Structures are given as C-alpha cells and as structure tokens.
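Please have the sequence and the model at hand while reading.

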Amino acid sequence: MIQGKSVRTLPRDIMTGVIIALVSIPISMGYAQIAGLPAVYGLYGSIFPILIFGLLSDSPQFIFGVDAAPAALIGGFLVPRGIGAGTPEAMAVVPLLTLLVAVWLLIFAVLRAGKLVVYISTPVMGGFISGICSTIILMQLPKMLGGTSGTGELPELVLHLAEVCRTEFHGMTLLYGAAALAVLLMGKKYCPRVPMAVVVMALGALLGFSGIAQRHGVRLLEAVPLGLPAWSFPSLAASDYTELLTVSLTVAAVIMTETLLAAQNFAQKNHYALRENHEIMIYGLCNLAACLTGCCAVNGSVSRTAMGEQYGGKSQVMSITAALSMMLILLMGTGFIGCLPVPVLTAIVISALLGAVEFDLAHRLYQQDKKELLIFLSAFLGVLLFGTVKGVIIGVILSFVSLVLKTANPKRSFLGVIEGHEGFHSLERNTLSFPISNVILYRFSSNLYFANVKLMIDDLEAAIQEDTRCIVVDSGAICNIDVTAADRLESFRKSLNQKGIELYFASHIGALNDRFRELGLEGWVEHGYVRRTIPAALRNAGFQPPYRTEKKKPQAVEQQANLGTDLRLEFEWAFGAGAESELEQYTEIMLEQIDENASPDEQLSAILKAKGVWRSVSDSDQEELLTHLQAHIRELSAKLHLKESEIEEAIEARRMKLALRLMRNNPRAADSIRQYNMEAEAQMQQADPELYERLMAYRKESLSHLQQLHPEYAEIIHKFYE
C-alpha cells in the first residue's frame, strides 16, 4: 500500500526516483563487483527487488537495493576460498547464497524475530558497518592506483596496496580517481542537493566516449549489453552447505538488523508506523527476486534513503519510479556504461562508503561514554582484522559483557529526609537530607542476581552502626531476583536479626512478592519483611513521623557529597555536582526572558519568584537564586529601567518572605541560609569590591525601610544581618 502519496507530491516523488536510479548505476555496479559478480548484475538487482519493496513495504520513504554490507560479506566469503570475481563458480555460488539469505529472512519473519533487533546495540552495529565499509574502501583503493582490488583482512589489504604502489602504479588513473573523489566530497559539503554522483558519472562517461581516458592509459568498464536480466533458479549443487548456511545466516541477520533499525529510525522521525515482521518478510521476497536474476543479496540503503528524503520524496512512488527507470536504462541506454573509467566508478563507490562509515558515532561515544566507544572500536577492528563474522561476534560479546558489568555495579544510594519536605532523598545528592536516627534507608537501582547481591550486602554491612535497629531497602527498581540472590539475602536477614536489626524491602511491584515465594522466601511476605511503602516499613519497625534525624551524615556519604552550605534542592536533584553552574545559567536565562510588554514591577516580581524555565523551584533554591541575581543587579537595572536600590529592596523583601517560611518548615535550612549568604558576600567582596560596597549600602537602607513597613521582619533581620 502506497503511503504519503498525493497529487501535490507525486511529481517530486517521480523526479526523486529518477535521481535515485541514476545514482544507483555506479554504486550498484561497484557493489556487484565487490560481491564477485560482473558489474551489470548490480543493475539487475536494482529492478525487481526495489519494485517489490515499493509495492509491499509499509515504509513510504525507505529505499532497497544492492548495498555495501551484504556485498562485502559475500565478497569476504568468496575470496578466502579462491573463488575469483566474475568466474563461473562465483556466478553460481552468489545467487545460491542470495536464495539462502531469502529463506533465512522468511524464517525470521515466521518466527517473529523483529523484536530481537533491540538486542543489537548501536555501538556494535556502528562498529560493524564502519568496519565493513573501511574494509571495502581498502579493497577498492588499489583500483584508483592502476591495480586490481584487494582481498582478505587488514594485513593482506595493506600488503596488496603496497605491492600495487610498487609494481602497478599509474599516475593518470590516480589523477582521474582523486579528481572524481574530490568533486564528490566537495559536492556533499557545498552542494548537498546536487546529485554529484550522477554529474561525476556523466563527466567520466564523456571522457571515455571522447577517447581522452584511453589516450591517458586509463581502463574503462566492460560494455553492458541491452536487455533485462534472464530469470533462472540458482543451481543447488554445492560442495559444502554448512559454510553456505553459516554465511547466509550472517548476511540475513545483518540485512534484518541494519535495514530494520534504519527503517524504524526514518519511521520515528517522519511519524509513521512499521510492522517489523511484515517488513522482514518483504526483505525475504526482495532477496528471492534478486537470486532469480542472478544477483547478490540486497539490503536497505541508508545513503539512498537519505538522498530521497533530501530531495523531498514522500512515498513508495520513489522506489517504483527508480525500478522502472532502471528498466528503461537497461532496455535503451547502457551504451554509456562501457565508457566509464574504472577509477571514476571506484571513486563513486568509495564516496558512498565514506558516507556510511559512522565515525561521527565514534566521536559522540568518545564524548559521552567511553565504554560504549570500546565496544564500537572492538567491532570495528574485529571486522578489519578477523573478518565480518568474527567482528560482529566480538562486538556482541562485548555488549553483553558491558551489560553484565553495568548491572553488577548499579546506581545505589543511602536515603534520608529533608525537614518540611515529603519523601526520602539521597544523602549524597541533597545537602539538606539527613539520615533517620537508628535507621538505614538504602536504594538499589537494579534487579538482584548473583553478580550484584554481594555489592548490596557489603554496602549495608559497612553502613551498620552500633545503634542501628532497622534497614529498609527501597526496592522500587528491583523487579526480579535469582536463586543466588535469594539465598544470600535470607542468610543476611538472619544474621541481622541476631544483632537485633530488622530488614525490610519496600516500594517494589507486587510481582516481586510472587518471586519471593517461588524462591522459598514466602516467609518474607507472611512475616511482613516486605512492605508496600517505606513509611509502612518504618511504622512496622516502630518509627513514626516526624522522624528524628542524625546531626551528621555518615563519613562516606559526606565525602561523596562534598558538602558545603549550598541550599539548592531541585537543582541538586536535577544536576548533582553541577548545581552551582546550572543555577547561574538559570539566572541568566531568566534575565534573557524578560517580558518587554510587562511593567518593570511585574517583570521584577516574576524574576524574584523564579517564574523561569522551571516555572517554580523550592524556597531554598529561590533563596540562592536571589544571591545570584544580586550579582547581576547592574544588568537588571539596565533592562528593567529601575534603580539598583529599588531592585535590592525587592530582593530583600522577597528574602524575608522566604526566610519566614523556611523557619517554620525547615529551621535547619534557615540557619544555613545566613552562613551561605555570608560566604557569598565574602566572595563578592573579594571579586567585586565596588559592587559589594554599593549592595551593602542599598541593603542597609532597604532593611530599615522594610522593618518600618513589616515589623514582623524584625526578628529575621536581627537573626540574619546583625
């Protein structure tokens, strides 16, 4: 069913389809050669598979065809077995491999394997594809130097490249290829909407047709006969089906994974839905059509899909038009192909491969997660050094190792309470959170199993004090446990009971209680060792709100938290150690968003009440924001056209209201405010003495005026400033 089609977009879809067909000529021919076939088979594989995909797929924008990954996998299978490109043996083996790939894909669809794609991580797939593309580039480079394509893995490819440079180097061939590659790369950067592959192909054909290329000693492609491909069923005779089944399974898995992931990405970006297993079935049918025309396995093309999106294609009309255009070319216009210089075609293939290499992903992983970068590089280097199958196996194994390591060392924290605030808060992340006396509250953010249960027990044993009477584990993030964890927890609970300490699990989903029973911990439920909420567990242990808190946090927590006199709550929760810089950025954002249509007083009131990006923040956060605003008092005065003294008085008035609320709700926080303000003022005095002196003068005047207007502020003023 054709989606996204309308009369308005139809001309653009048709034009985009023609462009995709023209671009596919050199790219598909190059990939067919990589897969061990004559170049023309790349054109054969760009007709019926694309037509079937356009007619049956749910994806209105995705483009199918002869592509890098399957071609490289098949080519990598042929070379070590001494099967030469274009030989009768290759012409027999490649279609058979494509048939087996089609069968595997249809089996995947029947087994509803689409969901398995989520188990292939982005770094593994990115490293795998980048390794394949880099391998093919190294294979193709000798053809730009006057030699033949390379074979094998990285060591063999480098040695072959060196040998070509020594014995077969041809300067004009390099000049043609380098010029074509330079035009293609510059075109991508400076003229992205121009199909430079078509332009370069036309210029190359002109050089061949005019005889200039031949006079320079540059080889041309073989001429392609007119006519559509003949249909035939591949020969099933093969010497070793075990190898064929193994490599075809790998190719099928790569086609399913790469195409489905890419198609889903385009679907999410353009707001339409895909049926995963239906799409996999279509991939199988497309490869069945490819094998019947003698072609190699076909795949979804990210580069050509992106090109279609770039030129405004909106529906499957693009694919249908591209297939029909390729038919017309084969029926009427193949003469120019025999005029194409080999290095020009090679440059087009290399340019396409460079676009598929995901080094931008590697750079992103370097900045964001170096462990994921290691997985990317392992898959990448594994493909380069050991081949495609071993490379992806290395990447997948490392992905699962990384997953095990992450779950074996999950996020966890000790909790406390903040006076005047509901709930339980991390001691490490919240300055005003303090532990409940005689209680250990502990959050564990992972399922419990053999590799991480010791970590939980070690944490709790290290936190136990002489006066500890109760341990409550916030198990909201625990959905399952295994036998090892269950046995260790039961043993730990019994040892705690001997010390007079009760252990509770609280806030988890009800299904975890069923798991407790399955693992022989039914007594935990019957005897109340599990509770629906943390307050319920504390009540059962004899602790009632308001909870009595410790004066000081545990030493380990204090060292992790790097405690000071910061008053922020929302910002500490959101940004952790970056709360200070985020508060300053938040202040600057509020200043930038001043509403010019409001009166100066309304603007100032909105700023002082922190009605900014977050709409509202806690009282203690607002108190610190006021201190940040004081540092920007010159800017506020200029933007609001108010005197600095007026702004300072408004700040102090707001500070008094906050202080009154804080003293009622959280006396400890109110006591901390004065210390924080003193430290902030000392820093300001050192950094900007002139501003400090002016603010102190404004403050003295403002406080005197406020005390006359609001006698109830007298105690606060005395406590904070005298």
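Is R694 buried, partly exposed or exposed? R694 counts as partly exposed because its relative accessible area is 22%, where buried means under 20%, exposed over 50% and partly exposed in between, with a 1.4 Å probe and protein chains only.

The model is predicted, so that local features need pLDDT of at least 70 and side-chain atom pairs count only at pLDDT 80 or more, while totals for chains, interfaces and linings use all residues. Residues are numbered from 1 along each chain as its sequence is written, and side-chain values use heavy atoms, with hydrogens and water left out.

**Salt bridges**

The structure holds 12 salt bridges, each being a side-chain nitrogen of Lys or Arg within 4 Å of a carboxyl oxygen of Asp or Glu.

| Pair | N to O distance |
|---|---|
| R166 and E163 | 2.8 Å |
| K454 and D458 | 2.7 Å |
| R694 and E644 | 3.0 Å |

E644 counts as buried, because its relative accessibility is 16%. Elsewhere, salt bridges with shared partners join E490, R493 and K494 into one network.

Within helix α7 (residues 154-167), R166 and E163 stand three residues apart, about one turn of the helix; helices here are DSSP runs of H or I with at least four residues, numbered from the N terminus. R166 is exposed at 62% relative accessibility, whereas E163 is partly exposed at 35%. In helix α19 (residues 453-463), K454 and D458 are four residues apart, again about one turn of the helix, and K454 is partly exposed with a relative accessible area of 47%.

**Helix packing**

Two packed helices are described by the angle between their axes and the distance between the axes. Helix α6 (residues 122-140) and helix α15 (residues 342-356) pack at about 160°, their axes 9 Å apart, the axes being lines fitted to C-alpha atoms over the stretch in contact and the angles running from 0 to 180 degrees between N-to-C directions. This makes α6 roughly antiparallel to α15, a term for angles over 145 degrees, with those under 35 counted as roughly parallel, 65 to 115 as roughly perpendicular and the rest as oblique.

Note on methods. Helix = DSSP H or I, 4+ residues; strand = E, 2+ residues; numbered from the N terminus.
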